[in-house]
Amino acid sequence: MAGLELVSDAGFRADGRRPDELRKVRARLGVLARADGSAYLEQGNTKVLAAVYGPHEVRGSRSKAPPDRALLCCRCSSAPFAGGGERRRRPPQGGGDRRSGERALLLRGVLEGAVLGQLYPRSQIDVHVQVLQADGGSWASVSAAGLALQDAGVALRGPVVAGSAGLAEPPAGPPVALSDLSAAEEAAGGPRLVVATVAGSGQLALCQLSARLHQERLRPVLDAAQAACRGLHAVLDGV
Amino acid sequence: MLTSRTFVKRTRAGAVVKVVREHYLRDDIACGAAACRLCTPAGSGSAPGLEARPSGPASSLCPGPHFLLPDTNLLLHQIDILEDPVIKNVIVLQTVLQEVRHRSAPVYKRIRDVIQNPEKHFYSFTNEHHRETYIEQKRGETSNDRNDRAIRVAVKWYNEHLKKTEDAEKIEVIFLTNDNTNKEKALEEGITAYTCEEYIKSLTANPELVDRLACVSDEGKEIEGGKIIFPEHIPLSKLQQGIKSGIYLQGTYRANRENYLEATVWVHGDAEENKEIIVQGLKHLNRAIHEDVVAVELLAKDEWVAPSSVVLQDDGQNEEDIENEEEKENILKTSVSKDMLRPTGRVVGIIKRNWRPYCGMLSKSQIKEARRHLFTPADRRIPRIRIETRQADTLEGQRIIVAIDGWPRNSRYPNGHFVKNLGSAGDKETETEVLLLEHDVPHQAFSQAVLSFLPKMPWSITEEDMKHREDLRHLTVCSVDPPGCTDIDDALHCREIGNGNLEVGVHIADVSHFIRPGNALDEESVKRGTTVYLCEKRIDMVPELLSSNLCSLRSNVDRLAFSCIWEMNHKAEILKTRFTKSIINSKVTLTLASPEVRFHMDSETHDPIDLQTKELKETNSMVEEFMLLANISVAQKIYDEFPEFALLRKHPAPPPSNYDILVKAAKSKNLEIKTDSAKALAESLDKAESPTFPYLNTLLRILTTRCMMQAVYFCSGMDNDFHHYGLASPIYTHFTSPIRRYADIIVHRLLAVAIGADSTYPELTDKHKLAEMCKNLNYRHKMAQYAQRASVAFHTQLFFKTKGVVNEDAYILFVRKNAIVVLIPKYGLEGTVFFEEKDKPTPKLEYNSEVPSLTVEDTIFHVFDKVKVNIMLDDSNIQHQKMRMVLVEPKVRQPKISKSFFLFIRSNMISQKKKSRFQTHVNIF
């Protein structure tokens with residue numbers, strides 16, 4: 001089993017972090033002049049750009065617009081140079097591959113829980129997220145979208161941040177929950193829990209678990225993911 | 001806390017991909033020295049690290065207090081030295097640790113165990129993430145050079161860092177490397193550096209350590225002296241190309257036990273042709289050692305040879321007898337007919353060495369004061385090994401362990417170093433150790449890491465444990481075991497329930513509650529696979545606290561169990577089956593007059609109990625029947641629940657031809673044995689009685705077991721034949737002995753998931769991993785059985801050593817072309833008796849395969865004939881003692897000198913179990 005050793009005996013991860021430490025975070029708001037709101041977020045080597053247009057009138061068929069709240073349109077894409085297998089097997093026509101589509105769907109789910117949609121009936125909010133560089137943490141797009149929405153002045157229940165956590169099971173010693181997985185750690189094959197929180201309300205807007213996880217171990221991993229969200233929120237608050 | 005980060009670029013094989021990884025450098029990594037006040041130890045209760053006042057061994061080279069810092073190669077080659085309790089206070093750099101991990105998994109595991117041992121004071125320093133010790137690879141610098149430099153930078157940093165501690169005594173860090181250029185560079189940079197040899201030799205108080213040095217450094221020196229004996233090995237990259245293009249064949253090298261100049265290579269893959277390649281002659285064998293994975297090149301057809309039947313033992317003491325060797329090689333080339341020729345090849349390179357430490361004895365050099373000696377391994381397939389030692393006098397006559405370090409081209413024998421002295425040969429403890437090592441039975445004490453997963457004492461059942469558990473403490477449960485049994489893993493209960501039916505429960509120790517998947521304890525148990533029972537010793541699969549205490553279902557204590565409960569009517573028809581995790585309180589531990597005694601050793605007299613008088617007790621078969629029932633019920637349940645990854649046990653039906661010998665033998669006594677089905681066989685065996693020959697039935701049963709196949713574990717998703725022939729059950733598994741078999745633990749886990757008492761984990765639901773595990777378990781069981789037999793054989797020898805020559809009745813079990821196999825009922829001892837012997841005229845032998853019978857001169861031997869033999873111990877070769885037998889009756893007319901035959905016997909005990917239990921089918925299944 002010569003895979004990646006997630007945590008060394010000395011208690012460090014492969015990139016030198018301790019299990020509970022996040023990667024370096026950098027963020028900027030209003031990076032795109034023509035969008036109503038935009039944000040650029042770096043989490044480690046993951047770089048994401050998000051733009052928000054709206055709220056504006058519903059375009060296209062009006063019938064799909066709900067009468068009582070805003071219509072959220074989300075689109076995710078990744079740059080050809082993003083790496084990390086982000087654009088492999090992409091269909092030749094634009095419109096994104098399956099993974100991007102899936103991510104857009106998730107993003108919409110999260111944002112619908114955070115945006116106070118009833119304030120914008122019969123209008124549409126477009127959220128576009130592009131991954132410029134991928135190094136694990138596709139959930140950075142959620143945090144970036146949240147920032148861009150704030151930048152656009154859309155009413156939110158609270159700032160939206162997402163974080164992840166995994167579980168390392170060193171051969172000696174108890175399993176350790178790891179906050180904020182990098183691409184290499186994700187590829188190591190352990191479970192991965194992605195959590196999005198609406199910071200003000202303390203509620204979970206998304207909780208996605210890949211791979212099986214022992215029920216008894218869910219709690220520490222969930223705690224680590226929430227801690228990652230809190231840490232990220234603390235940093236983003238200062239932007 | 002995050003100080004800086006850099007990018008590391010990498011390319012992978014195949015497509016060139018630029019991978020960018022973050023690399024955080026920190027300023028909070030402690031140096032690990034207890035005396036250091038600058039570093040705050042990371043987290044309380046972390047590893048103790050280096051001592052404040054290093055109490056290493058006294059060294060004449062560096063008298064002051066010091067820490068050692070080895071480089072990668074040193075750690076890889078000299079791990080034996082580093083493991084010695086004398087060596088303490090060693091800094092293991094992360095760079096070194098990572099390199100070791102890539103290059104040798106076993107060494108990596110060993111060094112980690114050492115680091116975790118608090119008494120050794122080893123500290124692993126994360127230098128690659130330390131702000132001041134991280135370095136980037138320079139342009140044009142190979143990664144090896146970079147790592148060497150990183151190590152030197154770390155040494156330098158340590159020295160400067162320790163100066164700052166302002167302690168009265170300065171602690172020095174000593175860099176150990178066997179690489180001369182690296183050492184020179186270190187010295188230039190002002191680092192104290194020594195080679196391992198220099199340092200170890202300077203340890204004036206511990207001269208014995210020198211022997212444990214691996215002599216890899218010698219390789220360079222020896223190139224000058226001595227002529228080249230062996231052709232060069234082709235490098236691995238070229239080998240792989242050659243294998244792909246079919247020039248070379250890859251296979252496992254198996255040395256011939258009888259002839260050291262011959263070996264067979266079992267080619268991997270499923271090619272029909274050239275499956276087995278013969279390699280003959282020293283040069284063609286080309287330094288390959290038994291079990292290595294090698295590449296061979298086929299020779300042209302006219303150079304092919306036939307397997308020789310000559311027995312050749314390597315007994316040359318001198319290394320210069322190469323000519324002598326060639327002579328010997330010529331002996332092999334006897335002229336044979338064309339159809340005897342087999343594919344022949346030569347070893348061109350080694351793909352993977354599978355060296356392990358070998359047991360054996362020292363053949364002391366004849367030259368006085370010599371330090372180089374040859375070591376003769378107990379396994380004849382391993383060549384003799386040259387070692388350097390100063391304690392030859394003390395090691396003579398002792399069983400020792402030696403590891404191979406290398407085999408230079410100009411050396412007749414591989415070089416090795418002394419690892420451990422096991423004790424004097426013939427000694428009981430020593431021989432037990434040897435047979436455990438030789439049968440690859442892991443028997444070291446459990447490591448700290450493993451023990452750390454044991455429950456803390458005093459242990460009691462908590463609320464948490466009661467989740468998913470039924471309280472069955474009110475039931476009258478009892479266990480039935482042989483006397484002296486401490487690992488009780490099964491208990492029973494039976495009671496009337498209101499509706500006129502019976503409730504019967506089998507309660508099995510809940511070992512899987514204590515052994516959680518994936519931790520060190522679990523990994524150690526799966527590695528051991530089974531508890532090994534030797535004559536006077538038990539090698540536990542799980543630590544004693546579990547096996548003899550917490551898991552053992554002793555009476556009048558609350559114990560966790562896994563219960564299988566049936567509702568039956570009075571005709572013993574099962575109406576309902578259910579499984580539950582439970583908590584029980586056994587009311588009484590019943591013992592039965594042991595039917596399992598096979599070789600009860602009296603410590604005074606070594607007297608084996610007369611095996612024939614013991615009969616199977618009914619209690620025992622009752623327990624057995626219920627266990628079988630539980631196993632079958634559980635097998636069905638886990639298979640229904642997990643058709644893809646249930647761990648089951650099968651016993652393939654033997655091919656009908658296997659029974660030929662049995663049928664023929666029975667026929668010669670006018671008995672008929674039907675072999676169309678297991679049932680017909682059992683019935684005809686029951687009927688096969690002879691009033692004049694009461695022992696015949698037992699003999700027939702023994703013969704029957706020999707016709708059978710081995711039962712094996714398998715994963716249900718990887719096979720479609722589930723039938724258990726011996727039990728005549730369509731499905732079977734092992735559930736009832738989790739304390740001594742790992743397979744049962746897996747079955748427990750599967751069953752627990754099936755009833756919702758536990759959750760799965762990734763490995764459990766991966767059929768490939770499960771299949772792999774089955775392979776290991778089958779191997780361990782086989783080896784445990786062999787070790788058991790070897791132990792019995794050894795004790796038999798001990799017994800006969802004191803008895804001298806014994807005259808006993810024996811029965812012929814098999815008749816071979818040049819030998820008979822006899823069984824001595826009194827001792828349950830079995831041996832092969834050869835009629836041909838070196839330096840003696842061969843008697844006229846005539847073999848008739850139809851009857852079968854063997855005619856030696858005028859005497860005819862049939863299966864089941866009664867003979868008389870003399871048994872004695874042959875200890876002419878101290879490493880390979882064996883039983884010898886002399887045929888007394890009937891007297892065979894000698895061709896010439898009528899001296900008694902010396903017949904060799906391969907001693908082999910047949911356990912009472914096998915004989916008496918065949919009907920209830922336990923041991924072999």
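Reader: How many helices and strands does the secondary structure of chain A come to?
Author: The model is predicted: local features need pLDDT of at least 70, side-chain atom pairs count only at pLDDT 80 or more, totals for chains, interfaces and linings use all residues, and side-chain values use heavy atoms, with hydrogens and water left out. Residues are numbered from 1 along each chain as its sequence is written, while chains are lettered from A and ligands numbered from 1 in the order in which they are written. Helices (H or I, at least four residues) and strands (E, at least two) are DSSP runs numbered from the N terminus. Chain A follows the pattern β-β-β-β-α-β-α-β-β-α-β-β-α along its sequence, and its secondary structure comes to four helices and nine strands.

Reader: What share of the 239 residues in chain A is made up of buried residues?
Author: A residue is buried under 20% relative accessible area, exposed over 50%, and partly exposed in between, with a 1.4 Å probe and protein chains only. Among the 239 residues of chain A, the buried share is 51%.

Reader: For chain B, what percentage of the contacts with a separation of 6 or more is between residues 24 or more positions apart?
Author: Chain B holds 24 helices and 37 strands, and 53% of its 925 residues are buried. A contact means heavy atoms within 4.5 Å. In chain B, residues 24 or more positions apart account for a share of the contacts with a separation of 6 or more that comes to 67%.

Reader: Which helix of chain B supplies the largest share of the lining of the largest cavity?
Author: A cavity is a set of points, on a 1 Å grid over the protein atoms alone, where a 1.4 Å probe fits but cannot get out, and lining residues have an atom within 4 Å of a point. The lining of the largest cavity includes D440(B), R528(B), I539(B), R780(B), M783(B) and A784(B). By class it has seven nonpolar, one polar and four charged residues, where Ala, Val, Leu, Ile, Met, Phe, Trp, Tyr, Cys and Pro count as nonpolar, Asp, Glu, Lys and Arg as charged, and the others, Gly among them, as polar. The largest share, three residues, comes from helix α23 (residues 767–803).

Reader: What volume does the largest cavity have?
Author: Grid points are joined across faces, edges and corners, and a volume is the space filled by probe spheres set on the points. The structure holds 10 cavities of 30 Å³ or more. The volume of the largest cavity is about 70 Å³.

Reader: Why does R287(B) count as buried?
Author: R287(B) is found in the loop between α10 (282–285) and β11 (293–298) of chain B. Beyond four places away in sequence, R287(B) touches residues including F230(B), H233(B), R353(B) and W407(B). R287(B) counts as buried because its relative accessibility is 6%.

Reader: Is N556(B) buried or exposed?
Author: N556(B) has a positive phi of about 65° although it is not a glycine. Its place is in the loop between α17 (544–550) and β24 (558–568) of chain B. At 53% relative accessibility, N556(B) counts as exposed.

Reader: What is the relative accessible area of E291(B)?
Author: E291(B), in the loop between α10 and β11 of chain B, has a positive phi of about 80° although it is not a glycine. E291(B) is partly exposed, and its relative accessible area is 31%.

Definitions and conventions: 1 Å grid on protein atoms, 1.4 Å probe; cavity = no way out; pocket = protein on both sides within 12 Å on 5 of 7 lines; lining within 4 Å.
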